[in-house]
Amino acid sequence: MIKSLYTRVVLIFLVAVIGGTVISFFMATWVFKDKLNENLQIPLLNFGQDMVQIFDTLPYHEADRFIRDMHQLESYHVRIYEETGQFTAYGKLHGNQLAPVTMEQVQAVLDGEVIQVIPSGISSILVGIPLTTEMGTRAMFIQTIALPSTSFSIKLILNFATYALVIGSVVFLVAAMFLVKPIKKLTQATKHIAGGDFNVELNIKQSGELGTLAKSFEDMAEELQQLEQMRRDFVSNVSHEVQSPLTSISGYALALKQVDVSDDEKHRYLDIIISEANRMSKMSDSLLKLSLLESKTQPMHLDTFSLDEQIRRVIVFLQPQWSSCNIDFELQLKAVRLMADYDQLHQVWTNILTNSIKFSSPNDTIEISMKQSANHVIVRITDRGIGISLEDQQRIFERFFKADRSHSHKYEGSGMGLAIVKQIVLLHRGEIEVESELGHGMTMIVKLPITLNEREHVTTPIEMS
């Protein structure tokens with residue numbers, strides 16, 4: 001089997017052109033054979049009738065002399081047979097082969113029959129016509145002659161066709177190389193990507209389908225590189241997040257094995273182990289929830305409810321966290337009803353407000369406002385906490401990302417809360433933005449449609465952070 005695309009393209013071209021030419025030639029010959037023979041026989045018979053009329057009009061010797069001077073003998077060769085088989089020839093063959101005539105054919109013509117013969121192996125037509133002269137009945141056979149100029153024209157046509165086929169094949173070979181070259185580049189690039197090397201540059205300048213394919217391939221390689229980097233970051237972050245509680249659990253479990261540990265210390269060690277285990281459990285749950293949201297395998301349960309009432313319930317739910325820090329809330333909530341998944345939006349407000357409380361100082365105020373348009377509702381949640389830099393704002397919705405790295409022990413969390421928030425908002429065909437300045441608080445802006453149907457949720461692609 002031929003594996004090379006270039007070789008296959010060339011062979012298909014040659015087979016198609018040569019095979020098509022040969023088949024077309026034989027088909028044309030077969031279809032028009034009778035017509036061609038008829039067109040050749042008509043002038044031949046007409047010339048023969050002229051010869052018969054000359055012998056009828058003139059005496060034999062004058063007719064003989066007249067015929068020898070005829071210019072038509074450049075295209076025809078004439079033989080006049082007697083009953084004995086001897087014949088008188090008129091005209092030159094010009095290198096053509098003389099068509100054979102049998103005595104049976106001679107006798108048939110002498111008996112008054114007009115015969116037409118296409119000799120095998122000779123490119124000419126032979127016609128036999130009875131001829132009556134003053135010296136008796138004769139059998140006249142007229143043969144077409146291919147003149148040197150005609151042979152030259154035929155050879156010229158054949159040579160032209162041969163040269164055209166050869167030159168066309170060479171041109172096609174070169175064109176096929178340019179056609180296959182970008183495909184070879186794509187093949188090599190595919191091998192590099194399969195080996196984990198996503199830094200591929202095709203440098204294919206062609207337009208059309210190949211250019212579009214090359215551009216799409218480069219975009220795919222870039223996206224795969226980003227996904228690979230995200231995978232590495234994810235593995236690194238998970239390892240880091242899991243290592244810390246595992247180290248604590250392992251360390252305090254070993255401490256419990258010591259004999260001289262007091263009961264109070266044992267209880268404290270056990271509390272720490274339980275706390276770290278719960279931390280790992282929460283992180284596992286968050287990972288599972290985020291995975292379900294991104295894969296859209298978790299169905300949405302749409303319901304119509306009061307959004308302002310839901311936010312108030314979340315604030316009450318988080319009272320143990322904000323009341324211990326004397327944090328106040330300033331609410332400007334209008335009565336807005338929308339269609340959405342109640343539990344998922346509850347998770348959104350819980351995660352955002354938990355972050356706002358966590359990064360606020362004691363006695364701060366968190367502002368929540370709501371504005372409704374014809375088709376959307378916009379919720380703004382503003383705190384006066386530590387804020388976030390412009391550089392970190394670009395990555396705040398990535399999983400495991402923690403903007404306040406220098407205080408990672410002070411502010412606990414897995415770094416997946418806002419990643420979950422964004423996926424839920426996207427599932428609701430909404431938008432989420434952040435406005436912040438380092439040291440001057442942060443504002444989360446959530447824009448949601450008033451109505452949402454299940455079909456829109458199913459067909460909407462999930463945007464990856």
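Tutor: The axes of α9 and α11 come within 9 Å and cross at roughly 145°. This is a predicted model, in which local features need pLDDT of at least 70 and side-chain atom pairs count only at pLDDT 80 or more, while totals for chains, interfaces and linings use all residues. Residues are numbered from 1 along each chain as its sequence is written, and side-chain values use heavy atoms, with hydrogens and water left out.

Student: What makes α9 and α11 helices, and how is the angle of roughly 145° defined?

Tutor: Helices are DSSP runs of H or I with at least four residues, strands are runs of E with at least two, and both are numbered from the N terminus. Helix α9 spans residues 342-358 and helix α11 spans residues 417-427. Axes are lines fitted to C-alpha atoms, for helices over the stretch in contact, and angles run from 0 to 180 degrees between N-to-C directions. The crossing of α9 and α11 is left-handed; that word applies if the near helix is turned anticlockwise from the far one by less than a right angle, and right-handed applies if clockwise.

Student: Which residues make the contact between α9 and α11?

Tutor: From α9 come Q344, L345, Q347, V348, N351, I352 and N355, and from α11 come G417, L418, I420, V421, I424, V425 and L427. Contact means heavy atoms within 4.5 Å.

Student: How many residues of each class does the contact of α9 with α11 have?

Tutor: There are nine nonpolar, five polar and no charged residues. Ala, Val, Leu, Ile, Met, Phe, Trp, Tyr, Cys and Pro count as nonpolar, Asp, Glu, Lys and Arg as charged, and the others, Gly among them, as polar.

Student: Why is α11 called mostly covered?

Tutor: Ten of its eleven residues are buried, among them L418, I424 and L427. Buried means under 20% relative accessible area, exposed over 50%, and partly exposed in between, with a 1.4 Å probe and protein chains only.

Student: Is V434 buried or exposed?

Tutor: The relative accessible area of V434 is 15%, so V434 is buried. V434 is found in strand β11 and touches Q393, I396, M442, T443 and M444, not counting residues up to four places away in sequence.

Student: What makes β11 an edge strand?

Tutor: Five strands form an open sheet in the order β7-β9-β10-β12-β11, with mixed pairing. The edge strands β7 (328-332) and β11 (431-436) each pair on one side only. Two strands pair if DSSP finds at least two bridges between them. Five bridges join β7 to β9, and these strands run parallel. Helix α9 packs on the sheet, touching β7, β9, β10 and β12.

Student: Why is the pair of Y81 and F141 called edge-to-face?

Tutor: Rings of Phe, Tyr and Trp (its six-membered ring) pair if their centres lie within 6.5 Å; planes under 30 degrees apart count as stacked, over 60 as edge-to-face and the rest as tilted. For Y81 and F141 the values are 5.5 Å centre to centre and 85° between the planes, so the name edge-to-face applies. Y81 lies in strand β1 and F141 in strand β5, so the pair ties together parts that are 60 residues apart in sequence.

Student: How do you know that Y81 and F141 are buried?

Tutor: The relative accessible area is 5% for Y81 and 0% for F141.
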